[in-house]
Amino acid sequence: MKKVLISTFEGCSFGERHPEIFSSNVSGGTMAKALGGRPLIRKDDPEHASERAPMNRTLRPKQIMEIWADKFEINARRYLAEMVSNSQGAADLNAAYAAPLAAKNLCDMVGMPDVEPLDLARWSVDFIAGTGNVLDRQDIWDRCERSRAECDAALDETVARLRRHPDPSITSMLLEGGMAEDQVRNNIKLTISGGMNEPQHMITNMVWLLDRSPDQKAAVLADPGLWKQAFTEAARLFSPIGMITRQTIADVEIQGVAIPAGTQIGMILSSANRDSTQFTNPDQFDIHRPPGTNLAFGSGVHQCAGKWAAQKAIGDIAVPLLYRELPGLKRDKSQQEIWDGWVFRGLTSLPVVW
């Protein structure tokens, strides 16, 4: 199938504002095969809205503050203490802090507090690999099948427990909303897929950017009120969701280009967020950038449900805590950092010292 890529801010914004033209129900997609079923991100309203509504009950800003903020703080302090105690003033920030913290926060939010966080992290990696398995590699499908089986076994226990003792977790909200159990499972696997990579990468991306911008690092450390702007700007510059896929269900013209119905679309949010017609000096990290809209977490009805959780867990808690407890934290320039991914791109290794 021919695929059209939209890379401008105007084009991507138009697509997000018009789901009646740009459908999320993409044909021939690999996501359903990777997860074992079609989750809400591959559905349009009203079906999408009916499945998203129960999830929103625990992911809105008020609920994040009341239910999850304290847990995020406890988890961040735990993994920071472990990183410090297990090192001699140097560590890989991703392996020691960002990845296990993101995984543990996600375990709690999906109602699987007893799952080993790094197992959940591995499931996420495998599901993402399957979603991007356009070359149909059997070894990737084998990884997906193994992780689905492990995840389903964990969900067997989780669902049974939550039916007896509901809690504020995403899984519990979906069950209480009357969703069929197979669809609950599909949507939890979707949450595990995206909910691991975005916060993990935002931790290392923010540290990397601040380390390379000493004046802005000094400003945010002197004024903690700037942390929200630092998070927003880091998300714009290194978009946690690089591309989203849609399919046109009607003929449309965007910026003078005619696109016929039935065309698969790749909306490149990472490019749109560096569009010079929308952002001054778009490749520059600037926490003082005037307020404005970016597409780091998408927009419209399909805006990432975990946006507010990521902002609280990472922008308000995990990264500020690092600098409060380790004021000398900086990149270890003698070691090699590693970037990986495209749709979900970030630092998979960031050596630091303090």
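This is a predicted model: local features need pLDDT of at least 70, side-chain atom pairs count only at pLDDT 80 or more; totals for chains, interfaces and linings use all residues.
1. A word on terms to begin: two strands pair if DSSP finds at least two bridges between them. Strands (E, at least two residues) and helices (H or I, at least four) are DSSP runs, numbered from the N terminus.

2. Residues are numbered from 1 along each chain as its sequence is written, and side-chain values use heavy atoms, with hydrogens and water left out.

3. Now the sheet. It is open and has 4 strands in the order β1-β7-β4-β2, with mixed pairing. The edges belong to β1 and β2 (22-23), each with a single partner strand, so one side of each has no neighbour in the sheet. Helix α1 (residues 9-17) packs on this sheet and touches β1, β2, β4 and β7 (contact means heavy atoms within 4.5 Å). The direction of α1 makes about 120 degrees with that of β7; axes here are lines fitted to C-alpha atoms, for helices over the stretch in contact, and angles run from 0 to 180 degrees between N-to-C directions.

4. Which strands pair with β7, and in what sense? Strand β1 (residues 3-6) runs parallel to β7, joined by 4 bridges. Strand β4 (residues 243-248) pairs with β7 in the antiparallel sense over 5 bridges.

5. Do look at how β7 is covered. Of its 5 residues (264-268), 5 are buried, so the strand is largely enclosed by the rest of the structure. Buried means under 20% relative accessible area, exposed over 50%, and partly exposed in between (1.4 Å probe, protein chains only). In a regular strand the side chains alternate between the two faces of the sheet. On one side of β7 are Q264, G266 and I268, on the other I265 and M267, and all are buried.

6. Next, the largest nonpolar core, which has 98 residues. Such a core is a set of buried Ala, Val, Leu, Ile, Met, Phe, Trp, Tyr and Cys residues joined through side-chain atoms within 4.5 Å. Y97, I203 and L322 have the most contacts inside it. Helix α9 (residues 181-211) gives the largest share of this core, 12 residues. Leaving aside residues up to four places away in sequence, Y97 touches several others, among them I203, L321 and L322.

7. The whole structure holds 27 salt bridges, each a side-chain nitrogen of Lys or Arg within 4 Å of a carboxyl oxygen of Asp or Glu. One of them joins E325 and R77 (3.7 Å, N to O). E325 lies in helix α13 (residues 307-325) and R77 in helix α4 (residues 61-85), so the pair ties together parts 248 residues apart in sequence. E325 is partly exposed at 43% relative accessibility, and R77 is partly exposed at 40%.

8. Two further salt bridges sit within single helices. In helix α5 (residues 93-109), K104 and D108 are 4 residues apart, about one turn; their closest N and O atoms are 3.1 Å apart, and both residues are buried. In helix α7 (residues 138-164), E157 and R161 are likewise 4 residues apart, with closest N and O atoms 2.9 Å apart. E157 is partly exposed at 42%, whereas R161 counts as buried at 19%.
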